[in-house]
Amino acid sequence: MFRVLFIVLACLQPIAAFARCEGTDMIAAMPAPEREALQNEAAQMPYSEGLLWHATRGNTQITLFGTYHFPHEQTADHLARLSPLIEVADAVYLEVSNDDQAAMEQALAADPSLMFITQGQTLPDLLGEADWQRFAEEMRARSIPAFFAAKFKPVWAAMMLGIGPCEARNGAMQGDGIDKLIGEHAASLGTPTHSLEDFRTVLRMLDSFPMEDQLDMIRLFFAWPGNPDDMAYTLRQRYLSQEVALIWSYSRAVSLTYGGDSAAQDFDQFERLLLTDRNTAWMDVLLTTPANRLFVAVGAAHLPGDTGVLKLLETEGFDIKPLPF
């Protein structure tokens, strides 16, 4: 899902936990010519760097923040910086509001088939013995029992692989990321908080990937020779350096290198479903809201690029300016 299938989007704990999750910056470790080419490619993307932005058109003012969905060592500092901006907003928009997030969790509990294989072959059968054993080992490294992981739909299994083992062992899947904390702060102020999309849209989108493509997401992880803790460290540190487009360019480069003959097509499909289509749909929400002052928090990968939220707002006549962060 939110990585190609094992990397990124995330964009996206606390803090003491992540202090123990160190690693190697894999972008910095690239040969200089390759690294510079990647940085130049990222720099060509509109709004390539920056997490906090202000968009203005007439009386409408939108503050946009690009999130990293897991907690990290600077989550509390980020919330402190954002709090005054949330406090002056008429409404807050998240990808999925905290209330709707709770509804999604209830829906998953009521209908396990949304996330798990409830009929037919499970992952040991679908992956084959060798790949299943490797996947089971990866899940155990993330403190997820193999008997439990065996029933994941492959796209969800790939998402689990996208979390570094150290992060997983230290609470990345349990802690509160900035998205939830923004929603909680808005609620404490009595500020209305809305979802940019129905959570069912995301679930349907995940199920839209053919089964073989979902399995290939897992196999891509196995084809990649790197260390997942190093990947998690790289993405987190580059996010904290606000190099959002560089994260995406690096993810694409890794996917094209190790994703096989259809890698470019697969990545383009992934980008369309996960970013482009959703960004476009969010515009319909943001442009029709009656509130004049909005605070919007979405995954950082949604901000840059020709089809990113910032460029789409610019096309609609908004003046876009970065805010210090």
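This note goes through the predicted model point by point, from the whole chain to single residues.

1. Basis of the model. The structure is a predicted model, in which local features need pLDDT of at least 70 and side-chain atom pairs count only at pLDDT 80 or more, while totals for chains, interfaces and linings use all residues. Residues are numbered from 1 along each chain as its sequence is written, and side-chain values use heavy atoms, with hydrogens and water left out.

2. Overall fold. The protein chain has 16 helices and 6 strands; these are DSSP runs numbered from the N terminus, helices being H or I with at least four residues and strands E with at least two. With a radius of gyration of 19 Å, close to the 20 Å from the globule rule for 325 residues, the protein chain is as compact as a globular protein of that length. The radius is taken over C-alpha atoms, and the rule is 2.2 Å times the number of residues to the power 0.38. Along the principal axes, the C-alpha atoms fill a box of roughly 60 × 50 × 40 Å.

3. Of the 325 residues in the protein chain, 54% are buried. Buried stands for under 20% relative accessible area, exposed for over 50%, and partly exposed for values in between (1.4 Å probe, protein chains only). The accessible surface of the protein chain is about 13,800 Å², and carbon and sulfur atoms account for 51% of that surface; areas come from the Shrake-Rupley method with a 1.4 Å probe, and for residues only the protein chains shown count as cover. The protein chain carries 23 positive and 43 negative charges, whose mean positions lie 2 Å apart. Lys and Arg count as positive and Asp and Glu as negative, without His and the chain ends; each charge is placed at NZ of Lys, CZ of Arg, CG of Asp or CD of Glu.

4. Helix H14. This helix covers residues 244-258, 15 residues in total, and reaches 22 Å from its first C-alpha to its last, close to the expected 21 Å. The expected span is 1.5 Å times one less than the number of residues. Its buried residues include Val244, Leu246, Ile247, Trp248, Tyr250 and Val254. The buried residues of H14 pack against helices H2 (32-43), H12 (211-223), H13 (228-240) and H15 (263-286). After H14 comes Gly260, with a positive phi near 85°.

5. Val244 belongs to helix H14 and is buried at 3% relative accessibility. Apart from residues up to four places away in sequence, Val244 touches Ser48, Gly50, Leu51, Ala300, Ala301 and Pro304; contact means heavy atoms within 4.5 Å.

6. Gln242. This residue sits in the loop between H13 and H14. Gln242 counts as buried, because its relative accessibility is 17%. Its phi is near 65°, a positive value in a residue other than glycine. Without residues up to four places away in sequence, Gln242 touches Ser48, Glu49, Gly50, Leu51 and Phe325.

7. Ser143. A positive phi near 65° is also found at Ser143, a residue other than glycine. Ser143 lies in the loop between helix H6 (129-141) and helix H7 (146-149). At 54% relative accessibility, Ser143 is exposed.

8. Arg219 is part of helix H12 and is partly exposed at 24% relative accessibility. Beyond its neighbours within four places in sequence, Arg219 contacts Leu126, Leu127, Asp131 and Glu212. Arg219 and Gly259 are 40 residues apart along the chain, and their C-alpha atoms are separated by 8.5 Å. Asn227 is in the loop between H12 and H13, and at 36% relative accessibility Asn227 is partly exposed. Asn227 and Met26 are 201 residues apart in sequence, with a C-alpha to C-alpha distance of 9.4 Å.
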